[in-house]
Amino acid sequence: MKTSEIIVKQLKVGGFDDNFSYLLYHAGSGDAALVDPCGDIQIIETAINTCGIVEPRYILLTHGHGDHSSGVNAVRNFFDAPVLAHPHNPFPHERDLHDREKLPFGNLDIEVLFTPGHSEDSVCYHLSDDSAVFTGDTLFIDCCGYCKPGKMFKTMREVLYPLNDSNIVYSGHNYGHVPFAALGEQKQTNPYLYIKELNEFIEAVKKL
Ligand SMILES: [Fe+2]
């Protein structure tokens, strides 16, 4: 799918549990980034090869759970970019991210959003033109990841809900009735996103 100048390829890589990896590509500069390389690495390599000249910029991890980083070492054989992650992410990485940091990419920025709840080291990546947000195991389509309810509620209310409706939600697993959806739609249909009271959220999390 083409979102503004950035092409986002959602890759059904299988893996541990219907995982998604993502390739972001800006044709003008060749800038490319991978989010959570995992599962079937051949699918990722093929996607990269269809882009033309690629300038590997970043490998971005959404959190430290092994199913999201299982392909990092293998992809570095053909995608030589530094691994960036939350400071508490146990996977070896070149650089620690900071909350709200902006990573230059093509003609825009990838904004780093710390989103604790599913894990302490959870990070979402937001394109600065409000075309996409990569949510890992924090926000799924119509659901959310297993979590500490208090922290996740704060993340949903203060970090994700305020984002513009136009952002497409690209999550870490193919768990929804569709593989991706607009955040504006999810604000209407996903209780973990629209619930406004902590007590209600705690009850909803028990159903996960
Ligand atoms: Fe996870």
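Predicted model: local features only at pLDDT ≥ 70, side-chain atom pairs only at ≥ 80, totals over all residues.
1. Ground rules. Local features need pLDDT of at least 70 and side-chain atom pairs count only at pLDDT 80 or more, while totals for chains, interfaces and linings use all residues. Residues are numbered from 1 along each chain as its sequence is written, and side-chain values use heavy atoms, with hydrogens and water left out.

2. Strand 10. Residues 123-127 form strand 10 (strands are DSSP runs of E with at least two residues, helices runs of H or I with at least four, both numbered from the N terminus). Five of its five residues are buried (under 20% relative accessible area, with a 1.4 Å probe and protein chains only). Val123, Tyr125 and Leu127 point one way, and Cys124 and His126 point the other.

3. Its partners. Strand 9 (residues 108-114) runs antiparallel to strand 10, joined by five bridges (pairing takes at least two DSSP bridges between two strands). Here phenylalanine 114 sits opposite valine 123. Strand 11 (residues 132-136) also pairs with strand 10 in the antiparallel sense, over two bridges, and histidine 126 has valine 133 as its bridge partner there.

4. The hairpin. Four residues lie between strand 10 and strand 11, and aspartate 130 takes a positive phi near 60° in this hairpin.

5. Helix 6. In helix 6 (residues 198-205), the buried residues are Phe201, Ala204 and Val205. They line one face of the helix because, seen down its axis, they fall within an arc of 100° (taken from the directions from the helix axis to the C-beta atoms). These buried residues pack against helix 3 (149-160) and helix 5 (191-194), where contact means heavy atoms within 4.5 Å.

Conventions. Buried < 20%, exposed > 50% of the residue type's maximum accessible area, 1.4 Å probe, protein only.
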